[in-house]
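Work through the exercises below with the model open. Try each task before reading its solution.

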Amino acid sequence: MRICVGPHRLSWWLTVAGACLIATATAGCDLEYPEVVVENQTKSQMLVRNPSFNGCIWSTVLAYGAATSPGRCLPGDDHVHFQKFDAEEYCQQQASDGTFPGICPCDGGVIESAANGSVDSGLVNTVPTWFNYQTISTKHVDYGEFRIFTIRLDDMEQDFSVPSPYGHG
Amino acid sequence: MAPLPARAQELPVDGGGGTDAGTTADAGADTVSDSLSVGIDAGGLVDADISPPAGPSPYDVVVVGRRPTKKDRTEDTTRVDGQRLRDNARASTFEDLAQEDGDVYVSSRGAGIHGIGNMATGGIRIRGLGGSPNSQILVVEDDAPDYQGIFGHPIPDAYVPALIDEVLVIKGGDSTLYGTNAMGGVVVIRNRWRGEDGYELLSDAALGSYQTTRASVSALGRIGNWDMEAALSDLTTDGQRPGAGGSDTVATTALRYRLTPTLRISVRNKVTHVDGNDPGPVTTPTPDHWFDAWRDNASAQLVYTQDAIRLTITPYLNTGIHRLYDGFYSHDYVAGSTAELDLRLHSQANLLFGLASEGVAGTVVNRITEDHPDVRDHIDGSLYSQLTLRPIARTDLVLGARELYSSRYGSVPLYKAGARVDLGWGFSLHSRVSQNFRQPTMSELYLPYPVANPDLKPEYALNSDLGATFVSEHLEISGTGYRTEARNLIKYFGQWPAAEVINIDHVVIWGVEGRVAAKGLGPLSVMVAGDRQTVGRYTKQNPDGKVDFIVEAVRNIGAHSLAGTLTGEWVHGLYMADYGRQPMADVFVMDLALRDRYTSVERRLTVEPYLLLRNFLDRRYAYVQNYLMPGFNVLAGLKVGI
């Protein structure tokens, strides 16, 4: 089957092809998504794990002062969500509970989990626990922007946005 | 009586071949040798009896028609033409259906993949019923029910429009004719066959935002007594955010042989593979929550027609293998058979008898924890009948009953009654009441997701409606008031480890839906459909109101048909939990489709470049909380047909 392409038909096809090219070019609109970086500026003993923002998640652990790589996130508003582990608080608690041999409170205080202590040994927990937190402030990004969001001690709260099962099993 | 054509030609009796752009008109005809009866109801045109002239005619008239998909003329239905679905700008077939109807709601989460697993979308709600997952809505494809054996719901990604001839949405359900899961509604899909000798090929290739590629190839053929069809569709996308991508491949083949003019046999098989990821809410993304599912739907059909008798026997087998990121691995099987005998007792009476049986089985294992929940098979058998009476002209009365016996629940009696009156001058009234049911799924009975209860009983619904329709050449107006009463609803309460699932309480939903369509206003056609309902306390993904509109402009310039279609949807009163908790913002989105269909009759060729501009207002919205839908995105494609 031959399809003859005269001048008029050729211009029509060129117009159509041009429209498709333009549409295809705009099809990469996700390339204009904003780029976001999250930085841990809490304290030297606090680790931040798996920060996320508006659909982006970085599967990483950030030490104090460290930052994620730029991620392309959806434009819009969201808190920065993350998990935190406070090593200082953990060590203080273990010292107080006497769970690690040789590690005791510096002031020589009573080890609460001792046999004559007042704390039920069942309440002692040696497993480091990561808690879900989010920034108190809401961050905003728009198409084409590059933003660095910092996590600070004075800008964090517990994150209770745990999704529940919705549709299918 | 309609005039006969001036020369010999084929008369398509109903809207086949893509010429009818998705109206509510439910048209169909029985192909008979001597006379032709055309019945179009619930929003259609006119009732007419067309008979050939008594004397000899110098012309041969060949009437080509199809058996109506709709078996009960008193049902409130919406018929959507397959061509309409192929032209629609929405990202999936179920979303296309929701676009046509105010009382049909379909959730979505992205650029075409609904997915499988905990946060999958694509669930359908019709007049407040649907369930989560949507096991209260039954999908029937070519007379074979289609639902997943373990979780009891259809897989939305398995339905692609490449071969679809028409879809009939039966609102209010019909368990008398269709059995379990037809509780809130039935989506009846009929795929097409070629109506004349020869072949046709259609290819559709598109490229779009988020690295989306969509391609399909379909072929239909008719040679002698053989009919053949095959189609392959593939959609692959990265999605609008990390983890939202996936792929969906559907391959369909079918073969039909006409043994005699009155006896034909067909076989059909559809294989679906969908894989992707649940991206999680934007607040807590989960880019590694993958899913992978294979499904096969096989069926055969024997059809015998002779004078006033039509016998249809349809055995079917649906199987699936599902894998999830958390180790879930399942095999499921739904096998059954239906035999229907349709008798035309009299010009004023039709009697339909049916015999059906179905078995559901499956196995589930967690490959990580090596748990093997005990899942027990289930079978049932049914005897059903439907009597259609036409005591006076233009009046249909329908009575139906079904006695189902289940290996788990024993006897399940079902019934329905309906009436339809054509008042003349385009006006008609219809009313129906139907007792429907849904059996508990294997997941609800045996699987700890989050908890199971093997003592669950079936859900029941008593659905009733009353509606009126006016149809003229350019205007179609319909309105229906409905009442949905469901009891023994299966609900989950609490969270693991304190969760429980029980049959509890009941709900009454009152609603009103309407549709106005103006056609042929010069180059313009406009349709607006809306629904308003009071859903009671079960508000989770059950909106209070919805409005859909379609504005289409078509201009023919020589061999070119230029069309622009503007569609929009507004959803109000969405909640992410029951009891009015977790309200969500209203959804409002508009899409634009542009196409230029070039047809060369001499070369038997159609070429159609098209451009879909979705959410061109770049609105931020979500059907599921924190599952943001894509912003402005495009899909550009080219269809070629020979």
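**Exercise 1. In which sense do β1 and β10 of chain A pair, and over how many bridges?**

Solution. This is a predicted model. Find strand β1, residues 35-40 of chain A. Check one position: A:Asn40 stands opposite A:Ile151 in β10(A). Now widen the view. The strand order is β5-β1-β10 in chain A, an open sheet of three strands with mixed pairing. β5 (71-72) and β10 (146-151) of chain A are at the edges, each with a single partner strand, so one side of each has no neighbour in the sheet.

**Exercise 2. Describe the make-up of chain A, then say where its confidence is lowest and highest among the elements.**

Solution. Start with the count: chain A has two helices and eleven strands. From the N terminus the elements run α-β-β-β-β-β-β-β-α-β-β-β-β. Next, burial: 24% of the 169 residues in chain A are buried. Then contacts: take those between residues at least 6 apart in sequence, and 63% of them join residues at least 24 apart.

Turn to confidence. The mean pLDDT of chain A is 79, and 67% of the residues score at least 70. Helix α1 (residues 7-26) of chain A has the lowest mean among the elements, 56. Strand β4 (residues 61-62) of chain A has the highest, 96. Residues 1-7 of chain A have a pLDDT below 50, with three contacts in the model beyond near neighbours in sequence. Residues 164-169 of chain A are also below 50, with 26 such contacts.

**Exercise 3. What is the strand order of the open five-stranded sheet in chain B?**

Solution. Read across the sheet: β6-β11-β12-β9-β10 of chain B, with mixed pairing. The edges are β6 (76-81) and β10 (144-146) of chain B. Each has a single partner strand, so one side of each is left without a neighbour in the sheet. On average, neighbouring strands of this sheet are turned by 25° against each other, direction ignored. Now take one pair inside the order. β11 (residues 164-171) and β12 (residues 185-191) of chain B pair in the antiparallel sense over seven bridges. B:Val169 has B:Val187 in β12(B) as its bridge partner.

**Exercise 4. Which residues touch the most other members of the largest nonpolar core?**

Solution. The core has 98 residues; B:Leu97, B:Val167 and B:Val187 touch the most other members. By element, β11(B) gives the largest share, five residues. A second, separate core has ten residues, among them B:Ala89, B:Tyr610, B:Leu612 and B:Leu613.

**Exercise 5. Is B:Asp143 buried or exposed, and why?**

Solution. Locate B:Asp143 in the loop between β9 (137-141) and β10 of chain B. Its phi is near 70°, a positive value in a residue other than glycine. Count C-beta neighbours inside 10 Å: there are 20, so B:Asp143 counts as buried.

With 15 other C-beta atoms within 10 Å, B:Gln211 is partly exposed.

Technical notes. Residues numbered from 1 in each chain as written. Chains lettered and ligands numbered in written order. Predicted model: local features only at pLDDT ≥ 70, side-chain atom pairs only at ≥ 80, totals over all residues. Pairing = 2+ DSSP bridges. Helix = DSSP H or I, 4+ residues; strand = E, 2+ residues; numbered from the N terminus. Buried ≥ 20, exposed ≤ 12 C-beta atoms within 10 Å, placed from the backbone. Contact = placed C-beta atoms within 7 Å. Axes fitted to C-alpha atoms, helices over the stretch in contact; angles between N-to-C directions. Core = buried A, V, L, I, M, F, W, Y, C linked by C-beta atoms within 7 Å. pLDDT = per-residue confidence, 0-100.
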